Amino acid sequence: MPSVEPATARTLLARTARVQAEGRAPSLVAGVVRDGGLVWSAGRGDVADPHTDVQYRLGSISKTVTAVAVMRLRDEGRLHLDDPLEEHLPGTPLGARTVGQLLSHLAGASSESPGGWWERVPGGSLADLQLGPEHVVLGAARRFHYSNLGFGLLGELVARARGASWADVVTREVLAPLGMTRTTPRPSGAAAQGTAVHPWADVVLPEPEHDAGVMDAAGQLWATLADLARFGAFLLGDTGDVLSPATLAEMVVPAGVDSSAAGWSAYGLGVQVLRVDGATLVGHGGSMPGFLAGVFVDRTELTGAVMLANTTSGLDPLVPGLLADLKAAEPRVVPAWSPSPPPVPLDVLGVWFWGPAPHVLRAQAGGVLHLGPLPGRAGRASRFVRRSDGGWVGLDGYYAGETLRIAADHLDLATFTFTRQPYDPAAPVPGGVDPAGWR
């Protein structure tokens, strides 16, 4: 199995040991992912051996698994992200909100389901929730509002679309194809006992284990460190036959911003997106009474980190720290540059002007075009990929989703015209050019 350097392993172990001891977790397992699998792991505290094969509850990491199942339905043409929930799950007060809004916590759904604390008491069916207008607490797409209830509804949508339980669907379509055979809805085999640690004394209290019913999709799954590492590899792009890389890339684009977070924090389609010390991390954290979990990856560095612990609260963030340690000790060596043919003729590339503002159109690897201001100047920038009709569509930035058309004497982009000279009178500049010219 690939591994890290001994000095790196010591650094990772020291951080893990400190978090477990200072956080007083009865047990904690952690690892880092690179080259498709675990390259380092450790177990601390009262954890069975092998520590990579002990189940812990994942909590909200289950939401990302649910989101993958929803996106598979989308890719099959069974639904669209802009579909109202009512089309696929009729009879709820959130029927006018869209599937995409639910995935990104922008639907305004209540944060929790009605009734008892769903994370600690057995759950029932959707009908048992008796949802009403009071469970819509915000307007659609007004602000990010984390909603466990919303993902419970998405789990029910998946179950009805497939004609099977949520657990059966995600096991058959997501977990089994990824080889995550030790990820189950209820604990199976070696599994940690969920515990609460007293705040003022070194004593623990067992937390209950239960089936959350219709809320399963929000936090039910249990997994081992090895399985969670496999999911980390999935988030890094090893998607197998579960999702296309393009769909995964779509999921990790921020949609809603969590303005309550201390740092830059956002949410894509069932995926948390964090900006930590200049690095963008994607994945999900998880918590249920008795358990904390985390899986985050740096898709630029091609590394990930995972953590599982059986304590209700009190741990300092471990996963971002492990990723930072790994990057500092063993930074990724990028592939060597080599020449490649541009996707357009060379004479199309170079400086173009939006009004008087100079921009550069240049080719990048993989058949991508980049249009942005000259280095050192402020302005809008985006990457573009070719469409089947010969046009180019924006991948990111201000022009994401917009069409770029390339003509001999100008670029046409979202009503803006870029010309070879500032306000070139020979090009079709909107509004025309003063015939007297520059003076």
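Colleague: Which residues are linked in a network of salt bridges?
Modeller: Arg-72, Glu-76, Arg-162, Arg-172 and Glu-173 are linked that way. A salt bridge here is a side-chain nitrogen of Lys or Arg within 4 Å of a carboxyl oxygen of Asp or Glu. Please keep in mind that this is a predicted model, where local features need pLDDT of at least 70, side-chain atom pairs count only at pLDDT 80 or more, and totals for chains, interfaces and linings use all residues. Residues are numbered from 1 along each chain as its sequence is written, and side-chain values use heavy atoms, with hydrogens and water left out.

Colleague: OK! How many salt bridges does the structure hold?
Modeller: There are 17 salt bridges in the structure. Arg-182 forms one of them with Asp-53, and their closest N and O atoms are 3.0 Å apart.

Colleague: Where do Arg-182 and Asp-53 lie?
Modeller: Arg-182 is in the loop between H6 and strand E4 (195-197), while Asp-53 is in the loop between E2 and strand E3 (56-57), so the pair ties together parts that are 129 residues apart in sequence. The H and E labels are DSSP runs numbered from the N terminus, with at least four residues for helices (H or I) and at least two for strands (E).

Colleague: Is Arg-182 buried or exposed?
Modeller: Arg-182 counts as buried, at 17% relative accessibility. The cut-offs are under 20% relative accessible area for buried, over 50% for exposed and partly exposed in between, using a 1.4 Å probe and protein chains only.

Colleague: What about Arg-120, which residue does it meet in a salt bridge?
Modeller: Glu-207, at 2.6 Å from N to O. This pair also links distant parts of the chain, 87 residues apart: Arg-120 sits in the loop between helix H3 (99-103) and helix H4 (126-129), and Glu-207 in the loop between strand E5 (204-206) and helix H7 (216-219). Arg-120 is partly exposed at 31% relative accessible area, whereas Glu-207 counts as buried at 10%.

Colleague: Switching to helices, why is H8 described as largely enclosed?
Modeller: Because 10 of the 11 residues of H8 (residues 225-235) are buried, the rest of the structure largely encloses this helix. Among the buried ones are Leu-228, Phe-231, Phe-234 and Arg-230.

Colleague: And which residue forms a salt bridge with Arg-230?
Modeller: Asp-238, with the closest N and O atoms 3.7 Å apart. Arg-230 has 18% relative accessibility, and Asp-238 is partly exposed at 37%.

Colleague: What follows H8?
Modeller: Gly-237 does, with a positive phi near 120 degrees.
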